[in-house]
Amino acid sequence: MGDVAKDLTAGTVGGAAQLIVGHPFDTIKVKLQSQPAPLPGQAPKYAGAVDAVKQTLSAEGPRGLYKGMGAPLATVAAFNAVLFTVRGQMEGLLRSQPGAPLTVNQQVVAGAGAGVAVSFLACPTELIKCRLQAQSALASSDSAVVAVKYGGPMDVTRHVLKSEGGVRGLFKGLVPTMAREIPGNAAMFGVYELLKQSFAEGEDTSQLGRGSLMVAGGLAGASFWVFVYPTDVVKSIIQVDDYKNPKFSGSIDAFRKILASEGINGLYKGFGPAMARSVPANAACFLAYEVTRSSMG
């Protein structure tokens with residue numbers, strides 16, 4: 001089996017593991033990010049992550065935590081296949097000779113290259129997911145009924161294609177998506193390699209145990225969000241913004257208005273759930289990838 005096929009297969013398995021572990025955390029993150037800023041004297045719809053979980057379970061049941069999973073589940077194979085395959089091809093280009101291990105800096109470059117490629121797949125997928133996850137957060141805070149505008153991923157897609165500018169509408173938020181994926185993946189793969197080499201006490205990391213791989217993967221995933229979280233907040237807000245009556249003219253406008261109305265804390269809404277998700281989800285992803293990849297020789 002060729003290297004591309006191995007990366008495709010292992011990336012798919014890793015992505016599936018990541019999604020199953022992490023999606024409920026992601027749902028809470030998006031709900032916190034996309035809830036409207038409260039009027040003066042009013043409390044926000046969600047007091048925090050725990051309150052968002054409680055309200056979601058009360059109004060929608062456990063399935064509410066997995067709302068919007070259809071879109072990333074349908075594309076998880078493609079997303080992670082592209083991510084790990086492009087990274088693998090970048091590694092091949094950067095190696096001084098076949099089989100030579102890459103330096104941490106080279107892994108940073110490979111991660112950034114992979115980030116460029118996956119942005120074009122992540123943007124429409126994230127738009128669909130965020131629209132579904134944010135429905136209840138965008139409902140009137142004094143309403144006891146969960147607003148349902150979309151029936152599912154295909155319904156969101158049809159609506160956007162019909163009413164929001166066609167295919168271009170699915171790429172709303174591409175700029176902040178790239179601003180998240182490129183530096184985020186550069187940091188993640190760089191930190192992952194740095195930790196693996198530290199654990200192995202050298203560049204040969206092939207003999208690392210599963211525990212070390214999980215720790216390296218979990219911390220690498222956390223580094224992704226530490227570097228780029230504000231861009232993810234802007235992306236989510238842009239993608240759920242009303243098409244006919246938008247609050248924001250673009251990413252810079254959204255950034256400025258969030259800072260003006262909510263301060264720096266507004267750019268870190270949902271950071272707790274994001275970090276809580278990132279460590280176990282990426283530990284599962286990298287372990288699944290490495291085990292699957294090594295099992296194929």
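I looked up how α1 packs on helix α4 (residues 104-133): the angle is about 75 degrees and the axes lie 9 Å apart. Axes here are lines fitted to C-alpha atoms, for helices over the stretch in contact, and angles run from 0 to 180 degrees between N-to-C directions. α1 is therefore roughly perpendicular to α4 (65 to 115 degrees counts as such).

The model is predicted: local features need pLDDT of at least 70, side-chain atom pairs count only at pLDDT 80 or more, and totals for chains, interfaces and linings use all residues. I number residues from 1 along each chain as its sequence is written, and side-chain values use heavy atoms, without hydrogens and water.

Next I listed the contact (heavy atoms within 4.5 Å): His23, Asp26, Thr27, Val30 and Lys31 of α1 meet Lys129, Cys130 and Gln133 of α4. By class I noted two nonpolar, three polar and three charged residues. Nonpolar covers Ala, Val, Leu, Ile, Met, Phe, Trp, Tyr, Cys and Pro; charged covers Asp, Glu, Lys and Arg; the others, Gly among them, are polar.

For residues 208-295 I noted 77% helix and 0% strand, with the end C-alpha atoms 14 Å apart.

Technical notes. Helix = DSSP H or I, 4+ residues; strand = E, 2+ residues; numbered from the N terminus. Parallel < 35°, antiparallel > 145°, perpendicular 65-115°, else oblique.
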